[in-house]
Amino acid sequence: MTRYSAFAIAREAFRDHLGWRRAWASPEPRAAYDVVVIGAGGHGLATAYYLARNHGITDVAVLEKGWLGGGNTGRNTTIIRSNYLQDPSAAIYEKARSLYETLSQELNYNIMFSPRGVMMLAQTEHEVRGYRRTAAANALQGVETEWIGPERVKALCPIINIHGPRYPVLGALWQPRGGTARHDAVAWGYARACSRMGIHIIQNCAVTAIRSRDGVVTGVETTRGAIACRKLAIVVAGHSGVLAGMAGFRLPIESTALQALVSEPVKPCMDVVVMANTVHGYMSQSDKGEMVIGGGADGRNDYSQRGSFHHVEETVRALIETFPILSRLKMLRWWGGIVDMTGDRSPILSKTPLGNCFVNCGWGTGGFKAIPGSGWAMAELVARGEPGPLAAPFSMTRFREGRFIDESVAAGVAH
Ligand SMILES: Cc1cc2nc3c(=O)[nH]c(=O)nc-3n(C[C@H](O)[C@H](O)[C@H](O)COP(=O)(O)OP(=O)(O)OC[C@H]3O[C@@H](n4cnc5c(N)ncnc54)[C@H](O)[C@@H]3O)c2cc1C
């Protein structure tokens, strides 16, 4: 596989760019693999990548019913941060954020990580208390965040109206090394690196049944035939409940559509990410100039990956209070993705009642930021059959045992 470099670009410039090879191979599925990963979103591909990189397991297939990165990974608003309250969350999200810092070099693929800083606005006294507490918790966890006052908010993001009509800005939780990355590139970068290490990525291959013998997984049925495996990782976000049903167990997960929209491109006007959870909206500016705006989750369970007018209206109306400058901006398009929500708004990385079958889900509205850390922890779980320190707190048994990792404030509404 061609290594991407300044030299390669210069060489291709002299031969009309005809020398580039496909970024990843599309092999026919084999009859059996050591490990099958279901779902070629960011989390599934990262799991496969770290299985090979960290554990030397390359006899792996990643099965995808559509095209890789076509699920939530390619539909999200790309916010990366690790300012969570609880220690297990801070550990896995900070691991992910720190891996993001050098992921472009590691994968030899520009994922456009932009640590431009993320601020979560406090617009009620309740939020002020909550974010001050999170800043204190983050200091103990070694996560670099800071409580900042309204003047600093205005200095960092001049287009904010800090004297909003209903909710003036009282301060913010600021994470200077949070930011964004290009979502497709994260999936493509991992896919290319997986392919380079001999992992099979098989698109247009939906898993339709899971086979087992004596309580241990033996393989899957797919739209491209049966595939045997020794170990199975289910990493399908909003479809986790469906796959768990095939494996014979239930997950404490609800699936619902979450929406986002982008405006027409405008000149650079905002170089930080802003989340305004009280009015409910979050926004950043893409490199193309579009304002990328996150909306709400539908109030019902659903598998349709669509947006709806009332959410667009609600989100934009709310944001205009904080960013009056947006009021004349035209919106270009909006969409939805199916997110997988747990009761405590924390993920599940876990063994399951079916032997050698593991599940990674429940990232809900905020799993893009977690992709590298989640893949790292999931690969360890699959390779060893037991969770390492990052995954251990996120077992699915925590719901039965009452060991919730409550992140409803940090993760329930926004990202
Ligand atoms: C609108 C929106 C905005 C968001 N914004 C942010 C944000 O700003 N920051 C953040 O951190 N997170 C955000 N998220 C959440 C984030 O996108 C997800 O948590 C994350 O992408 C989940 O990745 P994944 O790899 O688990 O899932 P996905 O990318 O959804 O991948 C799962 C894959 O499994 C495949 N699959 C399903 N069933 C089968 C089957 N039977 N056989 C084979 N394949 C199957 C699907 O086709 C899909 O490609 C947002 C989500 C949405 C929808």
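1. Among contacts in the protein between residues at least 6 apart in sequence, what percentage join residues at least 24 apart? The share is 76%, where two residues are in contact if their C-beta atoms, placed from the backbone, lie within 7 Å.

2. The model is a predicted one, in which local features need pLDDT of at least 70 and side-chain atom pairs count only at pLDDT 80 or more, whereas totals for chains, interfaces and linings use all residues. Residue numbers start from 1 along each chain as its sequence is written.

3. The secondary structure comprises twelve helices and 18 strands, these being DSSP runs numbered from the N terminus (helices H or I, at least four residues; strands E, at least two). With a radius of gyration of 21 Å, close to the 22 Å that the globule rule gives for 415 residues, the protein is therefore as compact as a globular protein of that length; the radius is taken over C-alpha atoms, and the rule is 2.2 Å times the number of residues to the power 0.38. Along the principal axes, the C-alpha atoms fill a box of roughly 65 × 65 × 40 Å.

4. The contact between them takes 17 residues from domain 1 and 15 residues from domain 2. On the side of domain 1 that touches domain 2 there are five nonpolar, ten polar and two charged residues, with Ala, Val, Leu, Ile, Met, Phe, Trp, Tyr, Cys and Pro counted as nonpolar, Asp, Glu, Lys and Arg as charged, and the others, Gly among them, as polar.

5. Of the 40 residues around the ligand, Gly39, Gly41, Gly71, Gly337 and Gly367 come nearest, a residue being near if its C-beta atom, placed from the backbone, lies within 6 Å of the molecule. Two or more residues of the shell come from each of α2, β12 (254–265) and β16 (331–341), and the shell divides into 15 nonpolar, 21 polar and four charged residues.

6. Helix α2 (residues 42–55) is largely enclosed by the rest of the structure, because eleven of its 14 residues are buried; here buried means 20 or more other C-beta atoms within 10 Å of the residue's own, exposed 12 or fewer, and partly exposed in between, with C-beta atoms placed from the backbone. The buried residues of α2 pack against several elements, including β1 (32–38), α7 (183–196) and α10 (371–384). After α2 comes glycine 56, with a positive phi near 70°.

7. Helix α7 is likewise largely enclosed by the rest of the structure, since twelve of its 14 residues are buried, among them His183, Trp188 and Arg192. The partners of the buried residues of α7 include α2, β2 and α10.

8. Aspartate 16, in the loop between α1 (6–13) and β1, has a positive phi of about 55° and counts as exposed, with 7 C-beta neighbours inside 10 Å. Asparagine 108, in the loop between α4 and β4 (118–122), has a phi near 55° and is partly exposed, with 15 other C-beta atoms within 10 Å.
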